Amino acid sequence: MILNIPNTITFMRLALLPLFAITLINSKLDYSLVIFIIMALSDRIDGISAKLGKQVTEFGKSFDSFTDWSVFLTTFILLAVLGYIDSIWVLLLIFPVIMMLISKIIFLKKHKKIIVTMIARISVGMAYVTIISILMDFIYQNQILILTFILIYISMFKYLIMAYNFINSSKKAS
């Protein structure tokens, strides 16, 4: 079912993205931080409500993943344009996002479902923590940023290895 509580929460997170962007662009960091924390919490709440309400769907998993990466890409681009982070971080983020997307499409083709790894879940959580640390001007924000990117790249390699194994097993089967 597409219209359920978890997907509605995910949609609200996506709908908050323009408001977050406007407040960030207008240097309203307190408002940006509050909105972003609401977005981060909603990511946990939608997943918990899906599991507890037995409303986990392939659409919901895909929509949640799309929303997470839309939030991260938009936010990292804005943070770079506004001078909060170096633009190299945006370039470093785009590559693994594209690679993970390709891998997920391959899995969707084989399994008819989205596969989410534990390292991917940790990476997403750390990306939210990283952005919050940047908005708060936390003293260790650079270290958190580096750790997050290490996790994102580990996640990307995990997905690529899984996709490679799938492609090789498909070739052997035919």
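The largest pocket is lined by 30 residues, and Asp-43, Asp-64, Asp-68, Val-116 and Arg-121 lie nearest its centre. Its volume is about 650 Å³. The model is predicted: local features need pLDDT of at least 70, side-chain atom pairs count only at pLDDT 80 or more, and totals for chains, interfaces and linings use all residues. Residues are numbered from 1 along each chain as its sequence is written, and side-chain values use heavy atoms, with hydrogens and water left out.

**Pocket**

- A pocket is defined on a 1 Å grid over the protein atoms alone, as an open set of points where a 1.4 Å probe fits, with protein on both sides within 12 Å along at least five of seven lines; lining residues have an atom within 4 Å of a point.
- Grid points are joined across faces, edges and corners, and the volume is the space filled by probe spheres set on the points.
- H1, H2, H3, H4, H5 and H6 each supply at least two residues of the lining of the largest pocket.
- H2 gives the most to this lining, with 7 residues.
- Helices here are DSSP runs (H or I, at least four residues), numbered from the N terminus.

**Confidence**

- Mean pLDDT (the predictor's confidence in each residue, from 0 to 100) is 91 for the protein, and 98% of its residues reach 70 or more.
- Confidence is lowest in helix H4 (residues 88–111), at a mean of 85, and highest in H1, at 96.

**Nonpolar core**

- A nonpolar core is a set of buried Ala, Val, Leu, Ile, Met, Phe, Trp, Tyr and Cys residues joined through side-chain atoms within 4.5 Å.
- Buried means under 20% relative accessible area, exposed over 50%, and partly exposed in between (1.4 Å probe, protein chains only).
- The largest core has 42 residues; Phe-20, Phe-36, Trp-69, Phe-72, Phe-76, Ile-85 and Leu-135 have the most contacts inside it.
- Elements giving two or more residues to this core are H1, helix H2 (29–52), H3, H4, helix H5 (118–135) and helix H6 (141–173).
- In soluble globular proteins, nonpolar side chains tend to be buried together.
- Leu-135 touches Phe-20, Leu-24, Leu-29, Ser-32, Leu-33, Phe-36 and Leu-79, leaving out residues up to four places away in sequence.
- Contact means heavy atoms within 4.5 Å.
- Ser-32 lies in helix H2 and is buried, with a relative accessible area of 0%.
- Beyond its neighbours within four places in sequence, Ser-32 is in contact with Phe-20, Thr-23, Leu-24 and Leu-135.

**Aromatic rings**

- Rings of Phe, Tyr and Trp (its six-membered ring) pair if their centres lie within 6.5 Å; planes under 30 degrees apart count as stacked, over 60 as edge-to-face and the rest as tilted.
- By this rule the count comes to 8 aromatic pairs.
- Phe-59 and Phe-63 form a stacked pair, 5.5 Å centre to centre with 25° between the planes.
- Both lie in helix H3 (residues 58–81), 4 residues apart, about one turn of the helix.
- Phe-59 is partly exposed at 37% relative accessible area, whereas Phe-63 counts as buried at 14%.
- Phe-138 and Tyr-140 have ring centres 5.7 Å apart and planes at 65°, so this pair is edge-to-face.
- Phe-138 is partly exposed at 37% relative accessibility; Tyr-140 is partly exposed at 48%.
- Phe-20, Phe-36, Trp-69, Phe-72 and Tyr-128 form one aromatic cluster.

**Leu-14 and Ser-70**

- Leu-14 lies in helix H1 (residues 5–25) and is partly exposed, at 21% relative accessible area.
- Leu-14 touches Phe-63, Phe-66, Thr-67 and Ser-70, not counting residues up to four places away in sequence.
- Leu-14 and Ser-62 are 48 residues apart in sequence and 13 Å apart in space, C-alpha to C-alpha.
- Ser-70 lies in helix H3 and counts as buried, at 15% relative accessibility.
- Ser-70 touches Leu-14 and Leu-17, again not counting residues up to four places away in sequence.

**Positive phi in loops**

- Most residues other than glycine have a negative phi.
- Lys-54 has a positive phi near 50° and is not a glycine.
- Lys-54 sits in the loop between H2 and H3 and is exposed, at 76% relative accessible area.
- Asp-137, also not a glycine, has a positive phi of about 55°.
- Asp-137 lies in the loop between H5 and H6 and is exposed, at 58% relative accessible area.
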